[in-house]
Amino acid sequence: MAEVKKVFPDGFLWGGAVAANQLEGAHQADGKGLSTADVSPNGIMYPASEDPSELNLYHKGIDFYHRYKEDLALFAELGFKCFRTSIAWTRIFPNGNEAEPNEAGLQFYDNLFDEMRKHNIEPVVTISHYEMPLHLVKQYGGWRDRKVIDFYEKFARTVLERYKGKVKYWMTFNEINVVLHAPFTGGGLQFEEGENKLNSMYQAAHHQFVASALAVKASHEINPEAQIGCMIASMTTYPLTPNPDDVFAALEQDRKTLQFSDVQVRGFYPGYMKRYFKEHDISFHIAEGDEELMKKHTVDYIGFSYYMTFIATTDEAKLKEAAEGNLMTGVRNPYLKASDWGWQIDPKGLRTTLNTLYDRYQKPLFIVENGLGAYDQVEEDGSIQDDYRIDYLRAHMEQMREAVADGVDLIGYTAWGPIDLVSASKAELSKRYGFIYVDRDNEGNGTLERKKKKSFDWYQRVIATNGQDLS
Ligand code: BG6
């Protein structure tokens, strides 16, 4: 191994990240209600279906609900310092608006966090990850209704209080900016004919900002030792050319993402947003006290996902050369290779993103998702030789190392989907991210047996050497 200076601080949180709805399965166990994820024919699509025959693969997941002990033992073998998961809102409040929480649901997460603690794995918990009770969509139209803030606050307070001795790291909403790109997934929004969609999306986002501030307030009251962060899908954007128009287009596109962290980290709507609202006929309701609340209860750290970068241009012809992207399309970058799903692989962009976020906010950063979705092949001898995944992760970690050397305060890294799970954008299992293979196909068939891939040993060594040995 080439000599590499120690870069990652002691206590760096190496681990993996998942979302309840993408792996737990057991969608009606112990009183769980239906969520938007259970009925969405494809993770990011709407309208949803309520016909149970159209339930997608989410409702089966990989049966983590019943197998979490076995899976956590494997994570412990990997050496995980932390494990990021979310709490399914519908296990705690099946319809979202009950007076009392569902004890069986609460107990499940007690057991899960206890098991993690048993293995010295620190839980990192997203309060809401891409799902909300379906009932709140039917009854209130999702996050466009202010009442949903109260339901979320109650849910958040319930779990913050219940798990205060077990969970130290929280995040309020997964990829909060996704409400603009996948409004059903991000905000439970379905639109009426002729509705001002942009206005509804920003209204929903505003309600989530207020809800997030309330969760931060609750967390600080309940356990001042805990850390509660925001979580954005990073979408760092390059100009296609040095044409100042392209440069400004890139800045504006970046702001579509950064506006979400700006509000949650700084506590107010920046001037550029106010101008955008004015020029796009966006005039959502801000209640008295909202702005004060948002200003007062800002987040402790910034969690973000990183999969790729984007390009902006004002050249219409170039815009048509779209490359598939994470929940949105962009322009193909000739300098980058793409994954099997067209996601452009850009390790250096991670260093740029880390530096940009740190320069902007000077708050601790946490990479809570990163990884390669790929088709894996089980060889005749049963092995899975996923060198492409190792290469992807190594290249990103090298850039993390650079960013830390640049002075960025990075507290952890959780690889997305350490065990294969259902894809968010495809609702299928063949897009695999794991170090651990799960025998289940897109139709939900398979033994559910877990198998270590080649990347398992590699990541184990990375963690054991605190990121010094990436070979
Ligand atoms: C992020 C989401 O956008 O990307 C995850 O927070 C998701 O829920 C991940 O699974 C990877 O996306 P996909 O579509 O490959 O599962």
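Predicted model: local features only at pLDDT ≥ 70, side-chain atom pairs only at ≥ 80, totals over all residues.
Residues are numbered from 1 along each chain as its sequence is written, and side-chain values use heavy atoms, with hydrogens and water left out.

Visitor: Are the axes of α14 and α15 roughly parallel or roughly antiparallel?

Guide: Helices here are DSSP runs (H or I, at least four residues) numbered from the N terminus, and axes are lines fitted to C-alpha atoms over the stretch in contact, with angles running from 0 to 180 degrees between N-to-C directions. The axes of α14 (residues 347-361) and α15 (residues 387-405) come within 8 Å and cross at roughly 30°. Because angles under 35 degrees count as such, α14 is roughly parallel to α15.

Visitor: Which residues of α15 does α14 meet?

Guide: Contact means heavy atoms within 4.5 Å. On that basis P347, K348, L350, R351, L354 and N355 of α14 meet, in α15, A395, H396, Q399, M400, E402 and A403.

Visitor: Which helix gives the largest share of the lining of the second largest cavity?

Guide: A cavity is a set of points on a 1 Å grid over the protein atoms alone where a 1.4 Å probe fits but cannot get out, and lining residues have an atom within 4 Å of a point. The second largest cavity is lined by 16 residues, with S128, Y130, T185, G186 and Q208 nearest its centre. The largest share of that lining, 3 residues, comes from helix α8 (residues 183-187).

Terms used:
Helix = DSSP H or I, 4+ residues; strand = E, 2+ residues; numbered from the N terminus. Parallel < 35°, antiparallel > 145°, perpendicular 65-115°, else oblique. 1 Å grid on protein atoms, 1.4 Å probe; cavity = no way out; pocket = protein on both sides within 12 Å on 5 of 7 lines; lining within 4 Å.
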